[in-house]
Each structure stands twice: as C-alpha cells, then as structure tokens.
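This briefing sets out the architecture of a protein chain.

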Amino acid sequence: KQWYQRRVRGRGFSPQYVEQLKQLQSSLSLARKYFSLGKSVEHMRGAAVSIHINDPILRYSITLSRISSALQFLCDNIYLFSKLGLIRIEQDGLVSLSSKLWLYADFMNIIRVSYEIRHEINEQIGRQESNLKHSEHSLYSTCRCVMARRPDLFVDLVKNLSDIWLPINSSGLARLSPGTVGFCGTVSSVLGAATIWQKSRKL
C-alpha cells in the first residue's frame, strides 16, 4: 500500500487523488458484490448437474470449480451484508478466504479447458492420420485447426490464465504491480464480455 502510494506520488498525483482512486476501487468492488447476489445458488445447482458427467476429469474439475465459486460468492454476499451493517464479522479473513476460493476455482477451470484442448488436438491428429494426403502436419497447424473449430476453448484458457493472477495477488501469494493487476483484469473482462456478445466464444 505505502509502496503503491509512493509510486503514484512520484508521478505527480496528490494524496487526495490517490484517496479518490482507492474509494472508486472500493465502490466498484462493492458493486460487483451486489451483482453476485444469488450466484451462489446458481453455481451449486450447476455442480449438482456436473457431478453426473461421465468423464472423471471433467466431472471433478467442473464440479469442484462450481462448488468453489458458490462458496466464493457466498463469502462475497456475507461481506456485502457486513458492509451494509446487517451483520458483524471479521472482514479481512472473509476477503482472504474468498480470494483463495476464487483461486481454486480458476485453477480447476484451467485444468478443465487444458484437458479439453488436449482431447481436441488428439482427435484432430487422428483425423489427419486417417487421411494419407494430410498425414504430415505440424503441431502449430493442428492447433490452428482446433482453434478454428473450438475458439471457445482458447478464449476460456486465456481468460482464466489472466484471471488467476487477481486472486493470487489479493491472497498475498505474489505481489504484482497495480499496472499488471489492471492489465490482467482488463483482459479477463474483455474476454468475458466477448463471450456474451458472441455465444460461439463461450465455453
């Protein structure tokens, strides 16, 4: 915190401006928690469905990710209630727990999408080997074919690889610069918005 304030002041920003930025960040964070109300139940319902997936890797990675996300949103809801003065609870510990649950959910998501990409690449190689005319293909060309057919997998992978650094930073496992955190958050948000506008990009 002090390190960040020294950097900002070194660039000519006043302490009042720094405080305004901190208040804006806090307000945006609180607004995000408002929008997360009810998502905990939604993710638990999803986990009840995904537990019946036949593939064990997909079954456990998806289900554990959804359970972790449900608990994370529950922590966010409790934090929101404490901010509104409805309950009294130790907020720092709750934020730390929420960050760890967020990190675990992202990690499970990366395992899932990496597994699916590998499966798609193996299938593409099998199709190429069955055709003698196209028996020799580089891994790069194979990945391009998979990316063209399943862009949702690669969008989700990049989104989660960007997103995972946010809970890593907030949980204290690594200290990232505000610029790096902002960049990762922007990439994750843009890709998340892209999946809303283009359904073919959503996994």
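The points below are grouped by topic.

The model is predicted. The protein contains 9 helices and 0 strands, so that reading from the N terminus gives the order α-α-α-α-α-α-α-α-α, by the element assignment used here.

**Overall composition**

- Of the 203 residues in the protein, 33% are buried.
- The protein exposes about 13200 Å², and 60% of that area is supplied by carbon and sulfur atoms.
- When contacts between residues at least 6 apart in sequence are considered, 64% join residues at least 24 apart.

**Helix α3 (residues 39-50)**

- Helix α3 has 12 residues, which at 1.5 Å a residue should span 16 Å; the end C-alpha atoms are 16 Å apart, in agreement with that expectation.
- The buried residues in α3 are S40, G46, A47 and S50. These residues lie on the same side of α3, because they cover an arc of only 125 degrees around the axis.
- On the face of α3 turned away from the buried side are the exposed residues E42, R45 and V49.
- The packing partner of the buried residues of α3 is α4 (56-83).

**Helix α4 and its ends**

- The 28 residues of α4 should span 40 Å at 1.5 Å a residue, and the end C-alpha atoms are 40 Å apart, which agrees.
- At the N-terminal end, α4 is capped by D55, which places a side-chain oxygen 2.9 Å from the backbone nitrogen of I57.
- After α4 comes G85, with a positive phi near 85 degrees.

**Helix α6 (residues 139-149)**

- In α6, S141, T142 and V146 are buried. Their directions fall within an arc of 140 degrees when seen down the axis of α6, so these residues line one face of the helix.
- The exposed residues Y140, R144 and A148 are carried by the face of α6 turned away from its buried side.
- Both α5 (91-129) and α7 (151-163) are included in what covers the buried residues of α6.

**The largest nonpolar core**

- The largest nonpolar core comprises 11 residues in all: L103, I110, V113, I117, I121, V146, L153, F154, L157, I164 and I168.
- At least two residues of this core come from each of α5 and α7, and α5 gives the most, with 5 residues.
- V146 belongs to this core and is also one of the buried residues of α6.
- L103, a member of the core, touches I164, P167, I168 and L173, not counting residues up to four places away in sequence.

**Residue S171 in the loop between α8 and α9**

- S171 is located in the loop between α8 (165-170) and α9 (178-197).
- Is S171 buried or exposed? S171 counts as buried because its relative accessibility is 18%, where buried means under 20%.
- Not counting residues up to four places away in sequence, S171 touches S99 and K100.

Note on methods:
Residues are numbered from 1 along each chain as its sequence is written. This is a predicted model: local features need pLDDT of at least 70, side-chain atom pairs count only at pLDDT 80 or more; totals for chains, interfaces and linings use all residues. Side-chain values use heavy atoms; hydrogens and water are left out. Helices (H or I, at least four residues) and strands (E, at least two) are DSSP runs, numbered from the N terminus. Buried means under 20% relative accessible area, exposed over 50%, partly exposed in between (1.4 Å probe, protein chains only). Contact means heavy atoms within 4.5 Å. Accessible areas come from the Shrake-Rupley method with a 1.4 Å probe; for residues, only the protein chains shown count as cover. The expected span of a helix is 1.5 Å times one less than its number of residues. The arc is that of the directions from the helix axis to the C-beta atoms. A nonpolar core is a set of buried Ala, Val, Leu, Ile, Met, Phe, Trp, Tyr and Cys residues joined through side-chain atoms within 4.5 Å. A polar contact is a pair of N or O atoms within 3.5 Å; within protein, one must be able to donate a hydrogen and the other to accept it, and residues adjacent in sequence count only if both atoms are side-chain atoms.
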